[in-house]
Amino acid sequence: RAGLRECHTGPSVPVFMFLGGVYALGDFLEMSSMGGMDGAAYQILLQSKLVITALMVWAIKGRSGKQTNTQWAALVTLTLGMVIFMTTQSRGNAAKAHKSAGLFAIGLVLMKVMVSCYAAVMSDQ
């Protein structure tokens, strides 16, 4: 019981409240963007999360968060592979009506990615 009480009253409460608010903002941005683009465009933009998280870890944590060349190659290869896959899937479904991504929706997705990556890096500290 004392440990549970400490979780709700200790110095970690403001940190977790902040991170919860950041994740809630990310969810709001995600839901707002979903109506403005099809799933393929959304998934392609969401794949940037891997590389952006690696860049944020490097920027925030410094040398301790540096990725190796092999890890960077894997991140870029995975991201490009997903982009190619989703693009070919999208072209294969061209007969179906699908909407193109609006600039506002793209901005919302990119903001969601940034918010989500920041929260992930900060919660890892």
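This report describes the helices, the surface and an aromatic pair of a predicted model.

## Overall build

The protein chain contains 6 helices and 0 strands. Read from the N terminus, its elements follow the order α-α-α-α-α-α.

Contacts can also be sorted by how far apart the two residues are in sequence. Of the contacts in the protein chain that link residues at least 6 apart in sequence, 85% are between residues at least 24 apart.

## Surface and interior

The protein chain has 125 residues, and 28% of them are buried. To count as buried, a residue must have under 20% relative accessible area.

## The aromatic pair

Two numbers describe a pair of aromatic rings: the distance of the centres and the angle of the planes. This structure has 1 aromatic pair. Its members are F18 and Y118, with 6.4 Å from centre to centre and 90 degrees between the planes. The pair is edge-to-face, because planes over 60 degrees apart are put in that class.

F18 belongs to helix α2, which covers residues 12–34, and Y118 belongs to helix α6, which covers residues 103–123. The pair therefore ties together parts that lie 100 residues apart in sequence.

## Exposure of the two rings' residues

Are F18 and Y118 buried, partly exposed or exposed? F18 has 45% relative accessibility, so it counts as partly exposed. Y118 has 30% relative accessibility and also counts as partly exposed. Partly exposed is the class between buried, under 20%, and exposed, over 50%.

Note on methods
Residues numbered from 1 in each chain as written. Predicted model: local features only at pLDDT ≥ 70, side-chain atom pairs only at ≥ 80, totals over all residues. Heavy atoms only, no water. Phe/Tyr/Trp six-rings, centres within 6.5 Å; stacked < 30°, edge-to-face > 60°. Helix = DSSP H or I, 4+ residues; strand = E, 2+ residues; numbered from the N terminus. Buried < 20%, exposed > 50% of the residue type's maximum accessible area, 1.4 Å probe, protein only. Contact = heavy atoms within 4.5 Å.
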